[in-house]
Amino acid sequence: MPVQQLKEFLDEAGVEYMCLSHPPAFTAQELAHHVKIAGDRVVKTVIIELDGKMAMLVMPATWRIRWDRLSRILDTDFLDLADEQEFQDRFPDCEVGAMPPFGNLFGMTVYCAEALTEQPELAFAAGSHSESVHMKTSDFLTLVQPMVLNQGFNKPGAQKPAWLIKSRRRPDDAAEPRVSGMAGY
């Protein structure tokens, strides 16, 4: 059964959802594997610290955060991954790392990757590593009313940023002497 607060919220809203039990999944990609759903439809819930306040970021399980772009689109210089010990008390009855993407139930602003809004259905951890909820994306968006972001994320297979790409040396470069210091001065 999902965390009681979530179950009551969904029941009161009258939305259809399905709960599944599965082997423990400690990442959103493991959840996708266990429930046999594409990673694009499984929600990764990340707690961030944004200008000194906790906020929730939700995105497809297979995607990564581009911190530089996310900081730019949120117009902040202070953006960081929140420390689990600092936020675990905000999610009573939830196992750490299995928070459902309903920040509104826990007093947090929710930012959602636009890619999730394009999926017909979503699956996400329901407060434990061995239970998940599956529901229509439209119901999720109506209930959570997240701020939808179209930047700040990288999808699988996206090219790495230039600063992460190591320059490649040609085999014949190794034979050439390298000059160090301030050549020409």
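Q: How many aromatic pairs does the structure hold?
A: This is a predicted model, in which local features need pLDDT of at least 70, side-chain atom pairs count only at pLDDT 80 or more, and totals for chains, interfaces and linings use all residues. Residues are numbered from 1 along each chain as its sequence is written, and side-chain values use heavy atoms, with hydrogens and water left out. Rings of Phe, Tyr and Trp (its six-membered ring) pair if their centres lie within 6.5 Å; planes under 30 degrees apart count as stacked, over 60 as edge-to-face and the rest as tilted. The number of aromatic pairs in the structure is 5.

Q: Is the pair of F91 and F106 tilted, stacked or edge-to-face?
A: F91 and F106 both lie in the loop between α4 and β6 (109–113), 15 residues apart. Their ring centres are 4.6 Å apart and their planes stand at 50°, so the pair is tilted.

Q: Is F91 buried or exposed?
A: Buried means under 20% relative accessible area, exposed over 50%, and partly exposed in between (1.4 Å probe, protein chains only). The relative accessibility of F91 is 2%, so F91 counts as buried.

Q: What angle do the planes of F102 and F140 make?
A: F102 is in the loop between α4 and β6, whereas F140 is in helix α6 (residues 137–144), 38 residues apart. F102 is buried at 0% relative accessibility, and F140 is buried at 1%. The two rings form an edge-to-face pair, 5.5 Å centre to centre, with an angle between the planes of 90°.

Q: Which residues form one aromatic cluster?
A: F102 and F140 form an aromatic pair. One aromatic cluster contains both of these residues, and its members are F9, F102, F124 and F140.

How values were computed: Helices (H or I, at least four residues) and strands (E, at least two) are DSSP runs, numbered from the N terminus.
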